Each structure stands twice: as C-alpha cells, then as structure tokens.
Amino acid sequence: RSRASAISPVPPRAHTHAHTMHAMTSHATLAHAALTTHSTSQAPRGVLSRIVNSAPSSRAVRVVPRAASAPAGSALDALQAFSNVVLDAKKSVLDDARAGLDLGPKAGVVSASVLAMASRAGGRDAGALEGAMVYDKCDIVTAEPVKYECVIDKAMVNLAAMWAERVEGRVAVELFPTSMADDTDALLVKARHYANMARDLKIVPEKLLFKIPATYAGIEAVKTLEAEGISCHVSDVYCAEQARAAIDANATVVQLYYSRVNAWHKANPGKTTSADPGYDLARDALAYARVRKAKTKIMVASLHNKDAVFRVLGVDYVLVSQRIIDEMAKAPASDVGETIISDAPSSSSSSTAALSKKAFDDALANSPAKTELAIARRRNAAADGDLMNYIKEKTVGLNV
C-alpha cells in the first residue's frame, strides 16, 4: 500500500502487525539530530581533506545505519507496516541516553540556522565553515558580500558532505540566501552550483536533496532541476494546487503540514466545507501522485499527537516528534485503527492542467500557504542574516 521509498534504502515492510522494527527509514528533515549527535563524533578523514581542497577521492560513501526497535504489538510497530516513520529531531530529546527510543540521526537538513549552530558548537562539524574560509575560489573574490556568500555556499555543501557519510538516508540542503524563493533563475544557478561543489567532494548524488519552497518560481525551478537529475524536496505545501504542481514537476519529496492546515481553516471559516482539510490535502496528494504514476513521495509533518499520525496512516512518510514516538510505542496496535489514507479515493478532480501564476497565487491566498510562506520568509531571513553576521565576525583580521 505504501510505495517504495525514494528517500531511504529501507522500504516499508509487508502489512502485518506482528513484527520487529528494523532500521528506521530516513529523511532530510532530521537536521538537529544529525547536528547534535555528530558535533563530537569523528568525521572520516577523507571527507575533511576533500572539504578543504575538493581533491578527488575514490573512497565510496560509507553509510552507517543505527538500529532501533519498537515493542511488538505496539501502535508504533503497526504504523510502520503502512508508513515510514521519520523522527522530527527539532522537537525531540537529542540525548540518546534520555530518548525513549534511539532512532538516531538517519538524515539531515543543512540550512543557515543549522550551519550557524554547528559552527558555534565547535567539534568536527565546525570544520565545514573552517574549510570554506580557506577555499581558494573564495579567496579570489574581493567584494565582501559576495565573498561571504561564497564562504557560506561552500560551508553548506561541506556540512552536507560530512553528514552524507554518517546518515543512512539523504541530506537536504537549503539554498542560500532563502530570499531567492521567488526567483526561478537564481534558484537554478544556486542549485547547480551546489550540485557541482557536491560532485567535487564526491558526494553520491542519490544522497542529496535540495530543499526548495513551494512558490510558483520554486516549483518552476524544481521542474528543471529534476529533469537534470538534481533531486528536490519541496517544502511549505499547504494547498492542493501547490501539491499537484510539485508532483507534476516530478519533485522527489513533497512535504505537507497537517495540523497547520487544519488550524488555519478553523481560524478562517468558510474557506472549505471539510471537517478535516489537512487529511483531504494528504489524501488527494497521494491519489494524484498515483494517477500521475509519479515518483514523488508524500511526507506529512505538523502532526501534534498520535491520533493525527494515525489519521494519515498510509502516506509515504510521517514526520513525528520523539514524544509522539514514545507514546505510540506504549500504545496498543489496536489504537491505529483500520483506515488507510492511501486506500481512500480522492475527492477532487484529477485534472493536470498547469496553472498560471495568477491562478496559483490566488490559490495560495485562499489557503494557509500565503500566510505560512510569509512566516517562513521572515524566519529564514533572520537566520540568513544571523549567519552572515557570524561569518563577518569570524573573518575579522583574517584574509577572507
């Protein structure tokens, strides 16, 4: 009932409630787990040397899986027969000794805020920025803003390279600066630049995703990048028009937000007659991907309790906090219920007609998307500015 995983080498298992959980599947949203756990670990020397000088290396990427187990007969055990469970480490206890279940860092997302955290924390991951500060292609740049952006770009890819050798699944990289969200050409230039730097570091292409928001320009960029073999993770999807456009663009992953969608519609009555618009969005995106025979995998985030997780049972990926994982591990399998979202028929049209920019923007304005994208822009702009200021402080007195 679930399609094979495009994110992790471990697909969902056969549909049975009596089994023991194998290694967890992975995805690009586990940034802080990878950051916290890895900041004191020993990165392979081959990666560190390549980060500084981009020298070719014949050594294959080493994937180090970490096992976790769910109690047999538990709701968590049952859930995994239908959906891949992904730990949202930004909301979890990151100390393995205190976590109820050690899911471990199975993937990572590299962003401005994560890079700043890694650099300030010290340890091995701080080497991503340190290597970028002596990158010869940045040395020849004289204009300060351009030089700083060059250093940040290299550091982002350096950190992705370090994590790609540590995690079982993929690493997603946000494109800096995030202000490019409405500029297709800028997104294309930056994604290709990152992909080329990743190639210089010998990162296996299948280990990377480039995370791009579901603006009209962003989806146009995704369409071109996917056609070029550059895998993309489309985020900030809050309405059917965004989801369908991203699926038509052949995005590798499309990320929806269940509780945020429902909360917005509750605060803005009259926009829908549905009692559960978050469910409808996930159900219809799955159905549309199936009709289109698309490779796209649907991830649902913003799941605030275990009942919300069970509600979307059958999507490709559910992004959940450590608290909810522990709750599901203690709950009986019977709590999961019998409803499988991937079996439910879509309630909307299967038309594949492309939307004009105006029609797309109108759809955003009549859904949570416009508000949520604006919130994300402000948050990302603050993170970008913080990282830029940190780079400036680090380079005082240095020839960078």
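A residue is called buried when its relative accessible area is under 20%, exposed when over 50%, and partly exposed in between (1.4 Å probe, protein chains only). The model is a predicted one, in which local features need pLDDT of at least 70 and side-chain atom pairs count only at pLDDT 80 or more, while totals for chains, interfaces and linings use all residues. Residues are numbered from 1 along each chain as its sequence is written, and side-chain values use heavy atoms, with hydrogens and water left out.

A salt bridge is taken here as a side-chain nitrogen of Lys or Arg within 4 Å of a carboxyl oxygen of Asp or Glu. Searching the whole structure gives 18 salt bridges. One of them joins the side chains of E174 and K211, at 4.0 Å from N to O. Because E174 belongs to strand β3 (residues 171-174) and K211 to strand β4 (residues 208-213), the pair ties together parts that are 37 residues apart in sequence. Helices (H or I, at least four residues) and strands (E, at least two) are DSSP runs, numbered from the N terminus. Both E174 and K211 are buried.

In the salt bridge between R192 and E228, the closest N and O atoms are 2.6 Å apart. R192 sits in helix α8 (residues 184-200) and E228 in the loop between α9 (216-227) and β5 (232-237), so this pair ties together parts 36 residues apart in sequence. R192 is partly exposed, at 31% relative accessible area, and E228 is partly exposed at 40%.

R283 and D280 also form a salt bridge, with 3.3 Å between the closest N and O atoms. The two are three residues apart in helix α12 (residues 277-291), which means that about one helical turn separates them. R283 is buried, with 9% relative accessibility, and D280 is buried at 18% relative accessible area.

Finally, a network of salt bridges links E149, D153 and K190.
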